[in-house]
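Here are a few notes to read alongside the model. Please keep the 3D view open as you go.

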Amino acid sequence: MKWSMAKLHPPALALLVCQALACQPCVSIDKPSDNPRPKGSIIVKRPPPSDWITDWTLLIYAANDDLDPNLVAAFDDDALEWQHGLGGSALFRIMVQRDYAPFQLNSEDEPRPSERYSVYREERHHPEHPPTVDAPEAMLLGETDTTSSTTLRDFLVYGIRTFPARHYWVTVTGHGDGFAGLATDASAGPGRRLSIDGLSAALAEASAVIAAEIRTKPGYDGPDTSNRIDVVAFDACRLGTIEVAASVAQSADFMIASQESMPYAGHPYSALRFIAQDHPDASPRALVEAVVTDYVRAYVEGVSTAGRAYVGTSVTSVGLDLRRLSPLESALDELASAVERSHPRGFTCTEVQALLTEACHQAHVALPERQSVEMAGDAGLPRTQTTVAAAASVDLIALLEHMAQGPACLGAAPQNAASLGDIAKAARKALDIIGRPPLWAPHNPSGVRFQYGGQYRKIVDFGPSSPFVVEAQRVDPDSNVRLGGLGVLWGNPFDLLLRENGKSLMDTYRTLPFDVRTGWTRMMRACIEEAEACRTYEPSPDEPISEGPCANF
């Protein structure tokens with residue numbers, strides 16, 4: 001389209017005059033105007049003023065190297081949502097590091113390299129260049145291993161130093177399986193994932209940079225800032241466990257995660273816009289509440305999911321104030337000690353299973369079961385990746401509520417009957433710290449009712465000492481079964497004892513900060529020994545399974 005001089009916007013006219021006179025630099029500043037800018041004018045975006053204080057920096061670690069084309073397509077949608085849904089600004093900086101699937105090719109039909117880029121005014125930009133028209137849109141990193149703690153650490157430290165801010169929000173996308181790890185990488189090899197210890201180490205180094213380098217800058221300190229990462233959010237399955245929370249509690253103030261599987265669409269990011277637009281001065285706690293609630297509402301009523309995709313999917317999410325986790329850990333340590341006094345060898349597998357079944361039945365929580373992730377294998381054939389840790393966990397609050405009932409729930413009589421009261425007392429103490437109001441039931445009409453036709457629940461401000469910010473769950477309206485809010489190890493430990501390279505997941509679990517501080521596995525010692533005996537047992541060909549040590553497995 002041709003434009004006459006009369007129709008040109010004044011800055012564009014000035015630009016043409018400038019070019020005609022061969023003066024430099026020939027730049028049209030992008031200023032607000034009541035009139036639209038005509039097509040064909042040159043826009044060079046001015047970088048944000050260097051003296052502006054950024055409120056939030058969002059760092060997204062996208063472990064998107066996967067063989068499942070459906071999941072990769074969902075990752076692509078997420079990338080567009082970060083770009084256009086969040087937008088990015090001088091006060092809300094966004095940086096992404098994304099690994100790509102092997103079948104995602106560039107313009108030269110080669111595997112697409114990992115990228116690191118920032119998002120500013122809904123456009124991708126190289127993080128080391130100001131947002132101008134001739135700058136590259138991304139830093140190309142080659143192939144990266146998202147299962148490496150070093151890869152995550154380098155990205156976080158780089159992002160923190162590049163975009164100083166008063167608050168930092170870290171999001172990790174990809175696969176997850178509780179304390180077994182997260183952020184799998186198909187190119188790194190089958191079964192590879194970032195360990196929870198590796199995650200914790202990377203977050204700790206990033207937080208150390210915040211404390212030593214960012215909080216010492218003028219304008220980036222103050223009573224409402226933290227010397228750690230403000231929020232760590234997992235847009236990944238099954239990371240909503242107390243074991244994961246305890247591992248990151250030294251490096252972050254808040255955590256958002258789901259105990260169960262997440263739909264392909266994952267977390268809607270609309271609530272994060274809340275940070276950049278309407279309430280930039282809102283506290284991290286308020287933002288965590290908004291994000292957790294929005295996630296569940298998105299799948300109950302289709303509030304946030306594009307095209308109402310996945311509406312009706314049962315989902316759950318929990319926000320934790322990690323600064324308040326220590327008293328709960330102390331209470332759970334007391335519970336483990338009480339069980340040990342009552343059952344010196346801990347509960348047997350029969351007792352563990354009975355407690356699990358009754359706790360879930362009483363709380364209307366779905367029983368944990370082996371879950372799987374469908375992926376594309378060799379020659380495009382589907383294969384299944386099992387998630388072992390998820391099959392050995394239960395909703396912590398459901399378990400505590402059941403154990404708090406005392407002798408009636410603990411099966412066989414112990415050597416010291418008085419110790420049963422100690423177990424109930426310790427369980428009630430942990431519940432008091434959580435401060436979770438009971439659910440409504442016909443026998444408990446004072447409890448909290450579910451919203452939206454009995455499908456949705458939101459509880460805010462559990463109490464002044466509670467680690468919970470908000471717990472939100474969708475409940476199946478037909479079965480009245482809900483998903484758990486915060487998981488903890490409790491179940492069949494058989495698969496956790498399988499050793500690879502001489503180490504099992506149970507060995508890993510016993511080194512986690514949660515088990516070190518609480519001795520949680522003390523309560524299951526007899527069951528773990530039973531499972532180990534079964535795993536190492538070699539029966540004779542004619543021996544019935546029901547008569548050997550594998551009878552319970």
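1. Is Trp-82 buried or exposed? Trp-82 is at 1% relative accessibility. The cut-off for buried is under 20%, so Trp-82 counts as buried. Keep in mind that this is a predicted model.

2. Trp-82 has an aromatic partner, Tyr-269. The pair is edge-to-face, with 6.1 Å centre to centre and 90° between the planes. Trp-82 belongs to helix H2 (residues 69–86), while Tyr-269 is in the loop between strand E8 (252–257) and helix H6 (270–276), so the pair ties together parts 187 residues apart in sequence. Tyr-269 also counts as buried, at 4% relative accessibility.

3. Now turn to Trp-490 and Trp-520. Their ring centres are 6.1 Å apart and their planes are at 70°, so this pair is edge-to-face. Trp-490 sits in the loop between strands E15 (487–489) and E16 (499–500), and Trp-520 in the loop between helices H13 (513–518) and H14 (525–536), so parts 30 residues apart in sequence are tied together. Both Trp-490 and Trp-520 are buried.

4. Two arginines deserve a look. Arg-116 has its charged end over the ring of Tyr-158, 4.5 Å from the ring centre. The charged end of Arg-124 sits over the ring of Tyr-117, 4.1 Å from its centre.

5. Last, the whole chain. There are 14 helices and 17 strands. Of the 553 residues, 52% count as buried. Among contacts between residues at least 6 apart in sequence, 69% join residues at least 24 apart. The accessible surface is about 24,000 Å², and 53% of this belongs to carbon and sulfur atoms.

Definitions and conventions. Residues numbered from 1 in each chain as written. Predicted model: local features only at pLDDT ≥ 70, side-chain atom pairs only at ≥ 80, totals over all residues. Heavy atoms only, no water. Helix = DSSP H or I, 4+ residues; strand = E, 2+ residues; numbered from the N terminus. Buried < 20%, exposed > 50% of the residue type's maximum accessible area, 1.4 Å probe, protein only. Contact = heavy atoms within 4.5 Å. Areas by Shrake-Rupley, 256 points an atom, 1.4 Å probe, with all protein chains shown as cover. Phe/Tyr/Trp six-rings, centres within 6.5 Å; stacked < 30°, edge-to-face > 60°. Lys NZ or Arg CZ within 6 Å of the ring centre and 35° of its normal.
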